[in-house]
Amino acid sequence: MTTPPAKVVEILSAEDLRRTLTRLASQIIERTRDLSQLVLLGIYTRGVPLAEMLARQIETLEGVNVAVGALDITFYRDDLDQIGLRTPAKTNITFDLTGKTVVLVDDVIFKGRTIRAALNAVNEYGRPELIRLAVLVDRGHREVPIHPDFVGKQLPTAKEEVVKVYLQDWDGRDAVELIDY
């Protein structure tokens, strides 16, 4: 008996993704009192290039160069036994976060455990004035009480479905797909 092929639905095209990032950057600008104190921290893997894309868009819109860092949360997770072994990436935060407005950036928020771990990891790099969360896709199904401040796309999903984000820098194309196995 053969397994039927997965059903794939495109949620965001490359153009939709570009518009969504422009909107997210505009929302971050509107809600940030002092852009010179803004720091974007991308969560590995795809949160990192998303943070860089948002920083470029903020610079285009406002002429402000925003600091960007990369955050690996592997050792802060409480579910390593469920997600399996991972090779940690290198956290790259070359500045003190004390007093800054930090926006954590991730591609998809699902259960909320990645963000909980990121909040713990941030404390190693200073005490920010404010921490906010920007996600490209919010698919629901939280297990912890975490809610993003900036959402590119609300996407109600079934638990068994998968949301896959493709970014040019990592995957050779820009798109968001919903996959039902």
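Which residues is Leu-12 in contact with, leaving aside its neighbours within four places in sequence?

1. Leu-12 is in contact with Leu-17, Thr-20, Leu-136, Lys-153, Ala-175 and Val-176, when its neighbours within four places in sequence are left aside; contact means heavy atoms within 4.5 Å. This is a predicted model, in which local features need pLDDT of at least 70 and side-chain atom pairs count only at pLDDT 80 or more, while totals for chains, interfaces and linings use all residues. Residues are numbered from 1 along each chain as its sequence is written, and side-chain values use heavy atoms, with hydrogens and water left out.

2. Leu-12 is found in strand 1 (residues 7-12). Helices (H or I, at least four residues) and strands (E, at least two) are DSSP runs, numbered from the N terminus. Leu-12 counts as buried because its relative accessibility is 5%; buried means under 20% relative accessible area (1.4 Å probe, protein chains only).

3. Five strands form an open sheet in the order 3-2-4-5-6, with parallel pairing; two strands pair if DSSP finds at least two bridges between them. Strand 3 (67-71) and strand 6 (150-154) are the edge strands, each pairing on one side only.

4. Strand 5 (residues 130-138) pairs with strand 6 in the parallel sense over four bridges. Lys-153 in strand 6 is the bridge partner of Val-137.

5. Helix 2 (residues 47-62) packs on the sheet and touches strand 2 (38-43), strand 3, strand 4 (101-109) and strand 5. Helix 4 (residues 113-122) also packs on the sheet, touching strand 2, strand 3, strand 4 and strand 5.

Notes:
Axes fitted to C-alpha atoms, helices over the stretch in contact; angles between N-to-C directions. Buried < 20%, exposed > 50% of the residue type's maximum accessible area, 1.4 Å probe, protein only.
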